Amino acid sequence: MSNRAVISTDQAPQAIGTYSQAVKAGNTVYLSGQIPLDPKTMELVTSSFEAQVVQVFENIKAVCEAAGGGLEDIVKLNLYLTDLGHFALVNEVMARYFQQPYPARAAVQVSALPKGAEFEAEGVMVIGD
């Protein structure tokens, strides 16, 4: 009997490659990277950088809920930006979704992201005891 389960929800974009939206092992959930795809249309949100960040956090929230948890259960969050000049705006949007105690976090600038996205996030969530 395996304590590993694949997490999937239609409230977040379907995987566009050889990965799962998340994988639960015991009480730890490993969240795959989310880019700002609208789960209904599978189109990239492009109206603004802020809209991309909001969509990413909405996607992560949906996967967390499908796994039986919430954003407050994320213990580690990795952020990827194509321009660190947007870092202050990411912090501002993140403050709408997360409250203290905040998860551990890394933020790095990358040269490119899938589908031309400007922001991606992934993380680790611990649920239950």
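Okay, ground rules before we look around. This is a predicted model, where local features need pLDDT of at least 70 and side-chain atom pairs count only at pLDDT 80 or more, while totals for chains, interfaces and linings use all residues. Residues are numbered from 1 along each chain as its sequence is written, and side-chain values use heavy atoms, with hydrogens and water left out.

Let's start with the sheet. It's an open sheet of six strands, in the order E1-E2-E3-E6-E4-E5, and the pairing is mixed. Strands here, and helices too, are DSSP runs numbered from the N terminus: a strand (E) has at least two residues, a helix (H or I) at least four. Two strands count as paired if DSSP finds at least two bridges between them. At the edges you'll find E1, residues 4-7, and E5, residues 104-109; each has a single partner strand, so one side of each has no neighbour in the sheet. From one strand to the next, the twist averages 10°.

Now look at E1 with E2, residues 22-25: they pair antiparallel, over four bridges. Ala5 stands opposite Lys24 in E2.

And what lies across the sheet strands E1, E2, E3, E4 and E6? That's H1, running at about 25° to E6.

H1, residues 49-66, also meets H2, residues 87-97: their axes come within 10 Å and cross at roughly 35°. The crossing is right-handed, meaning the near helix is turned clockwise from the far one by less than a right angle. On the H1 side, the contact (heavy atoms within 4.5 Å) includes Phe49, Glu50, Val53 and Phe57; on the H2 side, Leu89, Val93, Arg96 and Tyr97 are among the residues. The whole set divides into nine nonpolar, no polar and three charged. In that scheme, Ala, Val, Leu, Ile, Met, Phe, Trp, Tyr, Cys and Pro are nonpolar, Asp, Glu, Lys and Arg are charged, and the others, Gly among them, are polar.

Speaking of charges: how many salt bridges does the structure hold? Two, with a salt bridge being a side-chain nitrogen of Lys or Arg within 4 Å of a carboxyl oxygen of Asp or Glu. One is Glu50 with Arg96, closest N and O atoms 2.5 Å apart. That pair links distant parts of the chain, H1 to H2, 46 residues apart. The other is Arg96 with Glu92, at 3.5 Å between the closest N and O atoms. Those two sit four residues apart in H2, so about one helical turn separates them. Buried or exposed? Glu50 is partly exposed at 30% relative accessibility, and Arg96 is partly exposed too, at 46%. The cut-offs: buried is under 20% relative accessible area, exposed over 50%, partly exposed in between, with a 1.4 Å probe and protein chains only.

Last stop, Leu113, in the loop between E5 and E6. At 11% relative accessibility, Leu113 counts as buried. Beyond its neighbours within four places in sequence, Leu113 contacts Tyr80, Thr82, Glu118, Phe119 and Glu120.

How values were computed: Axes fitted to C-alpha atoms, helices over the stretch in contact; angles between N-to-C directions.
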